[in-house]
Amino acid sequence: MTYIHERKDWPAFRWSLERLADRLASVRHRQGRLIGRMEGLGFQLRAEAVLQTLTEEVLKSSEIEGELLDKEQVRSSLARRLGMDVAGLVPADRNVEGVVEMMLDATQNYTTPLTNERLFAWHAALFPTGHSGMRKITAGAWRTKASGPMQVVSGPIGREHVHFEAPDAERLEKEMRVFLNWFEADVAIDPVIKAGIAHLWFVTIHPFEDGNGRIARAVADLALTRSEGNPQRFYSMSAQIRLERNAYYELLEAIQKGDLDITAWLEWFLKCLDRAFDAAETILATVLRKARFWDAQAGEQLNDRQRTIINRLLNGFEGKLTSSKWAKLAKCSQDTALRDIDDLMRRDILVKDAAGGRSTSYSLREP
């Protein structure tokens with residue numbers, strides 16, 4: 001099997017501008033319109049949209065790799081670092097803080113050059129203990145020969161299927177120098193196309209022992225942020241890739257085993273980005289719904305527990321809200337939880353759900 005990084009003309013990528021032109025023009029138009037719409041919101045609504053978008057980006061980029069982070073920890077970590085006054089913040093684990101640090105550095109500091117040292121810092125933030133699960137890894141440095149061949153493998157032991165094998169460790173210094181020089185050069189390539197190439201190129205080099213997918217997506221986010229000249233994120237590419245994860249991996253494997261014509265990859269990247277703009281409409285709708293709700297409750301005196309749980313519901317509460325969940329989330333007794341709930345029901349803010357299970361559950365009444 002010959003991989004693209006083993007070809008004599010590597011990394012001289014080729015693509016058909018003719019095949020990409022219409023899709024690229026459409027994506028760039030929608031990109032501009034979305035940013036314009038979001039910037040037309042008030043400061044508070046815009047900040048909330050950014051918080052929701054970045055929360056999705058961090059959660060879904062990790063989820064693609066099979067790592068499930070706590071949503072409220074991610075949201076709290078982002079809110080604190082963005083200086084937002086958000087009710088109900090919770091402490092965040094170190095691994096959550098690391099992913100958040102990387103994502104914010106990629107998007108907030110988009111004018112800062114991408115260097116070896118910056119990538120090492122991202123990697124060290126992802127693996128603060130120097131372990132990936134139970135396995136000790138080299139954190140904050142390129143993988144070494146001692147770690148063996150870097151392979152993407154699936155299947156049971158003894159019947160493994162190798163999807164891809166990355167360049168040998170001895171090549172990494174040169175490979176990354178070429179990549180970073182290209183990334184920072186003023187090349188005559190549309191910045192969105194550059195983001196798609198950067199994603200593929202980085203993940204093909206696979207320079208770290210672990211975390212390459214997450215860092216590749218952060219590199220692409222950095223390039224996309226540069227394409228907009230705006231650190232505020234209103235759409236999540238990783239959330240869309242998570243929805244299309246199977247197609248994502250299948251296409252990466254096909255491209256990495258093909259020649260250096262990456263038109264098919266760039267077509268998919270642009271289509272995925274277009275669909276990410278669709279998903280941004282959902283975030284906008286959620287933000288506006290939250291604003292309408294609190295406008296309708298402007299005269300209501302609510303305690304901190306009630307405000308915290310209501311915001312959890314407005315942010316997309318998973319599962320059903322019961323009195324026991326209320327007590328756990330608000331760190332109060334069951335009796336206090338029931339009093340809070342009864343008070344909100346009397347005010348017509350909460351309604352009891354139709355019977356369906358052993359526990360009574362509640363939902364917000366839409367204004």
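Which residue in E7 stands opposite Leu 321? In this predicted model, the residue opposite Leu 321 is Tyr 362. Residues are numbered from 1 along each chain as its sequence is written, and because the model is predicted, local features need pLDDT of at least 70, side-chain atom pairs count only at pLDDT 80 or more, and totals for chains, interfaces and linings use all residues. Side-chain values use heavy atoms, with hydrogens and water left out.

The sheet is described next. Three strands, in the order E5-E7-E6, form an open sheet with antiparallel pairing. Its edge strands are E5 (321–322) and E6, each of which pairs on one side only. Strands (E, at least two residues) and helices (H or I, at least four residues) are DSSP runs, numbered from the N terminus; two strands pair if DSSP finds at least two bridges between them. Strands of a sheet pair through backbone hydrogen bonds, either parallel or antiparallel.

E5 is joined to E7 (residues 361–364) by 2 bridges, and these two strands run antiparallel. Besides the pair of Leu 321 and Tyr 362, Thr 322 has Ser 361 in E7 as its bridge partner. On the pairing of E6 with E7, 3 bridges are found, again in the antiparallel sense. Here Leu 350 stands opposite Leu 364 in E7. Helix H12 (residues 304–314) packs on the sheet and touches E5, E6 and E7, where contact means heavy atoms within 4.5 Å. The direction of H12 makes about 80° with that of E7; axes are lines fitted to C-alpha atoms, for helices over the stretch in contact, and angles run from 0 to 180 degrees between N-to-C directions.

Ser 324 is found in helix H13 (residues 323–330). With a relative accessible area of 42%, Ser 324 is partly exposed (buried means under 20%, exposed over 50%, and partly exposed in between, with a 1.4 Å probe and protein chains only). Lys 331 lies in the loop between H13 and helix H14 (334–346). Its relative accessible area is 74%, and Lys 331 is therefore exposed. The phi of Lys 331 is near 55°, a positive value in a residue other than glycine. Asp 348, in the loop between H14 and strand E6 (350–352), likewise has a positive phi, near 70°. Asp 348 is partly exposed, at 41% relative accessible area. In the segment before helix H1 (17–39) lies Pro 11, which a cis peptide bond joins to Trp 10, with omega about 0°.

The structure holds 2 cavities of 30 Å³ or more. On a 1 Å grid over the protein atoms alone, a cavity is a set of points where a 1.4 Å probe fits but cannot get out, and lining residues have an atom within 4 Å of a point. Grid points are joined across faces, edges and corners, and a volume is the space filled by probe spheres set on the points. The second largest cavity contains about 30 Å³ of space. Its lining includes Thr 53, Leu 54, Glu 57 and Met 103. Helices H2 (43–64) and H4 (94–108) each supply at least two lining residues, and H2 gives the most, with 3. By class, 3 lining residues are nonpolar, 3 polar and 3 charged (Ala, Val, Leu, Ile, Met, Phe, Trp, Tyr, Cys and Pro count as nonpolar, Asp, Glu, Lys and Arg as charged, and the others, Gly among them, as polar). Thr 53 and Ser 324 are 271 residues apart in sequence and 30 Å apart in space, C-alpha to C-alpha.

Notes
On a 1 Å grid over the protein atoms alone, a cavity is a set of points where a 1.4 Å probe fits but cannot get out, and a pocket is an open set with protein on both sides within 12 Å along at least five of seven lines; lining residues have an atom within 4 Å of a point.
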